[in-house]
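Hello,

Here is the structure I promised to pass on. My notes follow below it.

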Amino acid sequence: MEHLSVNAAQEIVLRSVQLLGVESVALEHSLGRVLAQDILANRDQPPYDVSAMDGFALRSADVAGAPAVLEIIEDIKAGDMPRKTVQAGQCARIMTGAPVPPGADTVIRVEDTQDVLADEGFPHPNPPPAGEGANVSLREKVQINVAVKINNDIRPRGEGMREGEVVLPSGTELTPGAVGMLAMVKRATVQVVRQPRVAILSTGDELEGLHDPFDANKIPDANSYALMAQVQALGMQPVLLGIARDDPDELRRYLQQGLQFDVLLVSGGTSVGVHDYVRPTLEALGVQMKFWRVEMKPGHPMAFGTTENSCVFGLPGNPVSSMVCFEQFVLPALRRMTGFARIYRRTIEARLTHEVKHKHSRTEFVRVMLGREEGGYTATSTGAQGSGILASMSKAEGLMIVPADCKGLAAGSMVTVQLLDGTAYQNEAGGEW
Ligand code: AMP
Ligand code: MG
């Protein structure tokens, strides 16, 4: 417990949290959720062989010696069913998505054809522009300018999906593409893993609420809102409980309320100061504390505990520390509870543009901006890295990891960076730290 690494603390957190239950949501609200059921195709898509182009459906053998003039026997739009069979010397005008008529074995796009005036048997002197074919009157003949192999520009039946096949397995993250797929199989509602109910509490006598009158001697409560935004960035909506004073009774009332939620985030008061009541108060409320210190910078006084139905993260009061601890512990826990397989921020390798000193034995998370250079990325510190300097976080595109045993990094070193990007996640933590 004395020297708990970030990885080890993360493991304790992830072992303690459970996958939440299932709920039904309307397709319109399914983006970003995790499927809790297998989704099967309810039809072949496309339901028959269809044309991939506006053009003509014909028999490949008829145009082997192109140019060749063919008789047009019908006009098939998407949504129509063909009524005739294409015989030798014939073709059908066909639009994208329309069924290929019987007898035809290939499609040629309109750009490779030329109108032939009815009964005259020679090319039209002023052919209508490509794409306007549907608007001109049906001509009886067409000249095919090039030979085509069979199955050209035909999308075969079932190319997109086959009836009965699992198109989205349980556990799938619902991206925009997956939502489109759900609509394709006519799912107006879907079963997804429910989202955790998250409460956020700030603690400290010195704190001034966002809507309190300005007092130059107070510290504005940034943590409630930075944490709120971090939760929202995961597609979840937290509840702000407000600010508890450093008073054991008041703190107890707030914490009790917070423990009704699936996850309680409480910032400040987790250290060892005489007014840091969070840990003893949680213990008095029956919370089983799993750890209260992690070998990291920023974020050393980081606590975690559980009850039967809830878990509580005691985050450090310093705004940057609380945000960095959220990234390392709360984010993977919330994603694990919600059913995501990829629960960690994506990591990339980048070239450090300057020296970084490292004189202690804690894993350090340096807030960096990223650049591009030939062959990869560069990482550059966002500036002064004090744990109260929120600007270091507000400018950051990533958290650069300086491993605990590192003795300092020279300019040009390759480093690992966690991307603070809304969509990029991965299965593994991405390294040892
Ligand atoms: P603590 O962990 O309670 O000792 O707080 C450490 C530092 O973080 C102190 O300087 C606090 O004023 C500051 N702090 C604590 N809570 C917040 C908060 N909600 N917003 C901004 N700063 C805070
Ligand atoms: Mg405090």
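Which of the 15 residues around ligand 1 come nearest? They are Glu206, Asp221, Ala222, Gly269 and Gly317. Here a residue is near a molecule if one of its heavy atoms lies within 4 Å of it.

First, the ground rules. This is a predicted model: local features need pLDDT of at least 70, side-chain atom pairs count only at pLDDT 80 or more, and totals for chains, interfaces and linings use all residues. Residues are numbered from 1 along each chain as its sequence is written, chains are lettered from A and ligands numbered from 1 in the order written, and side-chain values use heavy atoms, without hydrogens and water.

Now the shell around ligand 1. It divides into five nonpolar, eight polar (Gly counts here) and two charged residues.

Next, distances to a nitrogen atom of ligand 1. A polar side-chain atom of Ser202 lies at 3.3 Å. For a polar backbone atom of Asn223 the distance is 3.4 Å. For a backbone N or O atom of Gly317 it is 3.2 Å. Taken alone, ligand 1 exposes 490 Å², and the protein buries 77% of that (Shrake-Rupley method, 1.4 Å probe).

Last, Gln328. This residue lies in helix 6 (residues 319-337; helices are DSSP runs of H or I, at least four residues).

Best wishes

Definitions and conventions: A polar contact is a pair of N or O atoms within 3.5 Å; within protein, one must be able to donate a hydrogen and the other to accept it, and residues adjacent in sequence count only if both atoms are side-chain atoms. Helices (H or I, at least four residues) and strands (E, at least two) are DSSP runs, numbered from the N terminus.
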